[in-house]
Each structure stands twice: as C-alpha cells, then as structure tokens.
Protein chains: 2
Amino acid sequence: MTVPEPVSLNIRLPHVQVEEAITAMIGQMQPGDQLPTEPALAKRLGVSRATLREVLRTFAERGILVRRQGVGTFVTSRIPILETGLEVLESLERMAKRLGLATKVAHLETCERAATPAEMAGLALPGNNPVEVLVVDRVITVENEPVADLRDVVPLGYLRKEAIGNDFGGSVLDLLLQRNDLMLSTSRTDIIAEETGPHCAARLSISPGSALLKLTAQLYSYDEKVVDYSISYFVPGHFKFHVMRRVINK
Amino acid sequence: MTVPEPVSLNIRLPHVQVEEAITAMIGQMQPGDQLPTEPALAKRLGVSRATLREVLRTFAERGILVRRQGVGTFVTSRIPILETGLEVLESLERMAKRLGLATKVAHLETCERAATPAEMAGLALPGNNPVEVLVVDRVITVENEPVADLRDVVPLGYLRKEAIGNDFGGSVLDLLLQRNDLMLSTSRTDIIAEETGPHCAARLSISPGSALLKLTAQLYSYDEKVVDYSISYFVPGHFKFHVMRRVINK
DNA sequence: ATCCTGTTGATTGTCAGACAACTGACATAT
DNA sequence: ATATGTCAGTTGTCTGACAATCAACAGGAT
C-alpha cells in the first residue's frame with residue numbers, strides 16, 4: 001500500500017514564483033543596476049539556472065531587462081514597472097487602486113438577452129443562431145469625474161446576472177479572474193479614435209464631437225474561446241496608455 | 001596541442017535562428033495544430049531542448065503558442081502572424097508593403113535646428129542646453145489618400161539631413177535600422193485620442209475637429225538612449241492597431 | 001608616452017541527460 | 001454505472017558541464 005502522500009499540491013509552478021520575485025526585485029532597483037549573476041540568483045530563488053533563464057528571457061523580451069553576454073544583466077532605465085502598459089491586461093479598478101485613486105460605478109445597467117450580430121462577431125461565434133449573453137454597461141468615475149464608459153458582453157455560460165451584486169466594483173474582468181475554472185490567457189485589443197456620440201457624451205458629461213479613445217477587446221481562454229467581448233471609451237487626459245514595442249530583428 | 005579549430009564565427013546565435021524557424025513553421029500551420037514535441041523539435045532544429053524552450057516560452061508569452069503540461073504545444077487560433085500588432089515596431093511603409101499597398105510621401109520637409117524644450121523632454125535629455133536635431137515632417141498617402149502625418153526628431157549624432165535623399169521612402173525608422181552601428185531595442189509608444197487641429201486637417205485633407213489617433217514614441221537603443229522621438233497622427237479607418245495583452249497571473 | 005596584443009577572470013549562451021509532474025486514455029474493480 | 005489504477009506521452013525542472021563573449025589589465029613594441 002502506498003503512503004498517503006502529502007501530494008504537495010504544487011499550487012504554483014516555480015517559474016511563476018520566480019517571475020514575481022524578479023518583478024519585486026526590479027521594482028526596488030535603480031535603472032542601470034546590475035542583477036546578481038544567474039547562478040547566484042538561481043540559488044537565492046531556489047530554482048535551477050535553466051528555469052531562471054526562461055523567465056529572464058521573457059523580461060528581456062519585454063524590454064525590462066537587458067542581457068549582455070560576458071557582462072551581465074541590467075535593469076533598463078525606462079520602465080516604471082508600477083505603471084503597467086497596455087501589454088498587461090488589468091482592470092481599470094485595480095490600476096486605479098494601485099495608483100491610490102478611488103473609483104466608483106455609475107449608470108450601472110445589466111441585462112440578459114440574445115446577442116446582436118455585431119456582438120456575435122465580437123465573440124467569434126458563427127452568426128446563424130444567437131446565443132444568450134449578459135451585457136453590463138456602466139460608467140467609471142475617478143474622484144467623481146467620469147473617465148470611462150464600458151460595456152462587457154459575456155455568454156451566459158461564463159457569467160450570469162446574479163454575479164453582479166451590490167458590491168460590484170465595476171470590473172467584469174476581475175469577476176472572471178476569480179473563477180478559477182476559467183483559464184484566461186490573453187486579450188486582443190483593437191485601438192481606434194472616435195468622436196463622442198450623443199449617448200456617450202451625456203453619460204460622460206463631455207461635449208459631443210470631442211475625441212475619445214475606443215478599445216474593443218476580446219478576452220480569450222486557453223481553449224481559444226472568447227469569454228468576454230468588451231467595448232470601452234476613455235476620456236483623454238485621465239489615463240495614459242502606452243505600449244512597449246520591440247524592434248523587429250530584420 | 002589543440003586542434004587548429006575552424007572557429008566557425010557563429011554569426012547568429014542559435015536562439016535567433018530558432019526563433020525564425022518557429023515563426024516560419026507556425027506560419028504554415030493551422031490554428032489549433034500541435035507542434036512536434038520538444039525533443040523532436042530540438043533535434044530537428046539542431047539545438048538543445050533548453051534553448052528551444054527559452055524561445056518557445058517567448059512565443060507563449062506573446063500568445064502565439066499555448067503550452068499545456070502533459071499534453072503538448074499548440075498554435076493559437078487567432079494570430080494572423082502576418083498582421084503584426086502594435087507590440088512589434090515596424091514602419092508604416094513596410095507594413096503597407098506587406099499588405100500589398102503602395103505608399104507615397106507628401107509635404108516632405110526636413111530641417112536641422114535646436115530642439116524645443118518639449119522635444120528635449122521627448123528625447124529624455126536634460127533641458128538646460130538644447131542639442132541640434134534633425135526634424136522630418138511628412139504625410140504618408142496610401143492609394144493617394146492621406147493616412148498619417150508624421151514627425152521624427154533625431155539628434156544629429158544619429159542622422160543628418162543628407163541621409164534624407166530623393167529616394168526617401170518615408171520611414172526614418174528604416175533608415176535607422178539600416179545603420180548597424182546602432183543597436184535598437186524597443187520603443188515606448190504612448191497612445192491618445194486627439195481632435196484634429198487646423199494645421200493637421202489641411203495636411204490630411206480632413207475636417208478639423210474629427211478624432212485622430214496620436215502616437216508619441218521614443219525609440220531606445222541598447223545603451224538606453226533615445227535615438228528617435230516621433231509624433232504620429234493616424235486617420236481612422238485606414239490602419240487598424242491592436243495589442244495582444246496577457247492576463248496578469250494574479 | 002602611445003598603441004597594440006595577449007591573458008585572465010567573470011558572465012551569459014548552450015548543451016546533454018536525467019527525473020518529476022501532469023494529462024488523457026484505457027483497463028479494471030467495486 | 002462509477003470509481004480507481006495503470007500506462008504512455010508530453011511539458012516542467014534540475015544538475016553539471018563546456019563554449020562564447022566581454023572588460024580590464026599587463027606587457028611589449030613603436
């Protein structure tokens with residue numbers, strides 16, 4: 001008979017912990033500082049050099065670290081790692097919280113209905129027979145100023161109206177992240193500039209015709225299904241979006 | 001005594017070749033297809049499994065591949081790898097060429113002068129004594145329709161007016177990339193929506209007040225200096241920008 | 001003095017082989 | 001029918017080693 005075996009669960013894979021550790025470490029370092037050598041760092045973090053290197057490479061890929069063979073690994077001088085760029089999908093609420101700002105939800109409306117053809121396309125579903133979806137509309141205010149008008153469209157299989165309780169903080173993404181049966185991977189976000197329409201102008205209390213940043217995003221799970229289709233309008237001047245772009249190596 | 005040893009030069013590091021090979025391979029595969037197993041792929045590409053894994057991880061990081069322990073590595077269903085997103089820095093001209101569109105340059109103006117304070121800030125230089133810069137203004141047209149109004153600001157040390165010849169295709173970035181003494185790494189691009197001003201409206205032949213997408217970018221070299229500060233206005237509807245955002249793992 | 005050249009130590013890049021953990025499918029027992 | 005055990009296949013990780021590159025320094029030639 002086999003021993004009961006504590007199983008050790010192995011909640012988090014080593015490379016995830018290493019990633020967090022490196023992030024924290026970089027946050028406390030100055031631009032241009034040199035990281036400990038790979039063998040030293042691997043020993044300190046309790047992983048092998050191979051595992052550490054896989055993580056280091058992703059940081060280099062993002063431009064956060066620079067590695068020079070024969071010299072060392074250095075922190076670049078331009079990443080305020082606290083201020084994440086667009087390449088990380090984070091809810092507005094978490095971002096604001098990190099920056100010490102208080103957010104509120106206004107004009108909250110939720111309904112369950114059949115998806116429109118445009119929404120079906122956004123969810124990457126064949127258009128013939130519409131599925132039932134949960135639609136969540138709301139305006140997010142920061143310091144009592146409206147900054148964003150958001151709509152999320154989620155098939156009922158993933159989220160139902162009941163999940164939007166009185167304590168709803170404004171983030172459908174955070175709700176989906178809490179469900180650990182959904183393995184979310186990435187979001188494809190399209191970016192365009194659009195003039196404010198009358199409806200949006202009223203909700204955001206700005207004048208019609210002014211320029212808004214419009215992000216339409218499709219949130220994918222690991223099995224490549226669209227879990228959430230969202231359309232967001234952002235008032236300029238409140239949030240700064242940026243992207244780190246890597247130079248194509250010829 | 002040691003053998004003379006052919007030295008073999010080692011022009012390109014293995015992981016660069018592996019990256020190209022994987023890119024090519026993915027391009028010929030269908031979404032959802034499974035890649036060969038790591039040992040098989042490593043053998044085929046002539047590298048060790050460790051090196052292959054470092055590359056595979058960066059692809060997974062970008063959302064191009066999905067890896068599942070105990071199962072395999074799969075191509076995701078949503079990356080038309082030919083259509084790059086914002087996370088890759090590519091000149092408008094190359095992008096258009098790839099898509100089979102012809103670009104032209106209009107309203108080309110170049111001048112060498114002292115940088116303004118705003119430009120000094122964009123170049124991440126201390127503001128006290130202005131440096132001399134090359135400023136390149138132009139409008140890019142696709143199929144004879146103006147689609148973008150671009151300005152590049154480059155310190156004279158990196159580029160001079162003479163480099164902008166009669167055969168200038170419109171891309172300062174491509175000029176900088178040709179110089180292989182400059183090691184370019186990444187670009188930080190800020191994204192905002194802005195209403196069209198009178199000057200821009202005339203150059204782009206659109207009505208003032210309509211919404212434009214404004215990208216301001218700082219191009220960094222490996223030694224962390226800003227090589228190029230650029231301001232770009234894009235007319236909506238001609239180019240679609242998107243970003244793949246990864247979900248923050250809690 | 002100045003320039004060139006080789007040496008040396010440190011660090012990242014790569015390799016080979018092994019084992020651990022996980023997954024899915026199938027067979028088996030309850 | 002529903003668990004449970006087994007097994008092969010795959011990714012995740014580890015260990016130890018060697019190769020390639022770089023910066024700094026010493027020594028010699030000019």
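Which elements of chains A and B cover the buried residues of H3(B)? The legends below take up this question and then turn to other close-up views of the model, which is predicted.

**View 1. Helix H3 of chain B and its surroundings.** Helix H3 of chain B, residues 49-61, contains 13 residues and spans 18 Å between its first and last C-alpha atoms, close to the 18 Å expected at 1.5 Å a residue. Its buried residues are B:Leu52, B:Glu54, B:Val55, B:Leu56, B:Arg57, B:Thr58, B:Phe59 and B:Glu61. The cover over these buried residues includes elements of both chains: from chain A come H1 and H3, and from chain B come helix H1 (14-27), helix H2 (38-45), strand S1 (65-68) and strand S10 (241-247). Just after H3(B), the backbone at B:Gly63 adopts a positive phi of about 85°.

**View 2. The crossing of H2 and H3 in chain B.** The axes of H2(B) and H3(B) come within 9 Å of each other and cross at roughly 105°, which makes H2(B) roughly perpendicular to H3(B). On the side of H2(B), the residues that meet H3(B) are B:Glu38, B:Pro39, B:Leu41, B:Ala42 and B:Leu45, and their counterparts in H3(B) are B:Arg49, B:Leu52, B:Arg53 and B:Leu56. Sorted by class, this contact holds 6 nonpolar and 3 charged residues, with no polar ones. Of the residues of H3(B) that take part, B:Leu52 and B:Leu56 are also among those buried in the helix.

**View 3. The crossing of H1 and H2 in chain B.** H1(B) and H2(B) have axes that come within 11 Å and cross at roughly 115°, so that H1(B) is roughly perpendicular to H2(B). The crossing of these two helices is right-handed. B:Val18, B:Ala21, B:Ile22 and B:Met25 from H1(B) meet B:Leu41, B:Arg44 and B:Leu45 from H2(B), and by class the contact comprises 6 nonpolar residues, no polar residues and 1 charged residue. Among the H2(B) residues in this contact are B:Leu41 and B:Leu45, which also meet H3(B).

**View 4. Helices H1 and H3 of chain A.** In chain A, helix H1 (residues 14-27) packs with helix H3 (residues 49-61) at an angle of about 55°, and the two axes lie 10 Å apart; H1(A) is therefore oblique to H3(A). The crossing is right-handed. The residues of H1(A) that take part are A:His15, A:Val18, A:Glu19, A:Ile22, A:Thr23 and A:Ile26, and they meet A:Thr51, A:Leu52, A:Val55, A:Leu56 and A:Phe59 of H3(A). This set of contact residues divides into 7 nonpolar, 3 polar and 1 charged.

**View 5. The surroundings of A:Glu93.** A:Glu93 belongs to helix H4 (residues 92-98) of chain A and is buried, with a relative accessible area of 12%. Apart from its neighbours within four places in sequence, A:Glu93 is in contact with A:Thr103, A:Ile140, A:Gly169, A:Gly170 and A:Ser171. A separation of 9.9 Å lies between the C-alpha atoms of A:Glu93 and A:Leu173, although 80 residues part them along the chain. For the chain as a whole, residues 24 or more positions apart account for 58% of the contacts with a separation of 6 or more.

**View 6. The surroundings of A:Ala201.** A:Ala201 is placed in helix H7 (residues 198-204) of chain A, where this residue is buried, with a relative accessible area of 4%. Leaving aside neighbours within four places in sequence, the contacts of A:Ala201 are with A:Thr196, A:Ile206, A:Ser207 and A:Pro208. Chain A as a whole has 7 helices and 10 strands, and buried residues make up 49% of its 250 residues.

**View 7. His107 in each chain.** In chain A, A:His107 is found in strand S4 (residues 103-114) and has a phi near 50°, a positive value in a residue other than glycine. A:His107 is partly exposed, with a relative accessible area of 47%. In chain B, B:His107 lies in strand S4 (residues 103-114), and its phi is likewise positive, near 50°. B:His107 is partly exposed, with a relative accessible area of 46%.

Definitions and conventions. Residues numbered from 1 in each chain as written. Chains lettered and ligands numbered in written order. Predicted model: local features only at pLDDT ≥ 70, side-chain atom pairs only at ≥ 80, totals over all residues. Heavy atoms only, no water. Axes fitted to C-alpha atoms, helices over the stretch in contact; angles between N-to-C directions. Helix = DSSP H or I, 4+ residues; strand = E, 2+ residues; numbered from the N terminus. Parallel < 35°, antiparallel > 145°, perpendicular 65-115°, else oblique. Left-handed = near helix turned anticlockwise from the far one by under 90°. Contact = heavy atoms within 4.5 Å. Nonpolar A, V, L, I, M, F, W, Y, C, P; charged D, E, K, R; others polar. Expected span 1.5 Å × (residues − 1). Buried < 20%, exposed > 50% of the residue type's maximum accessible area, 1.4 Å probe, protein only.
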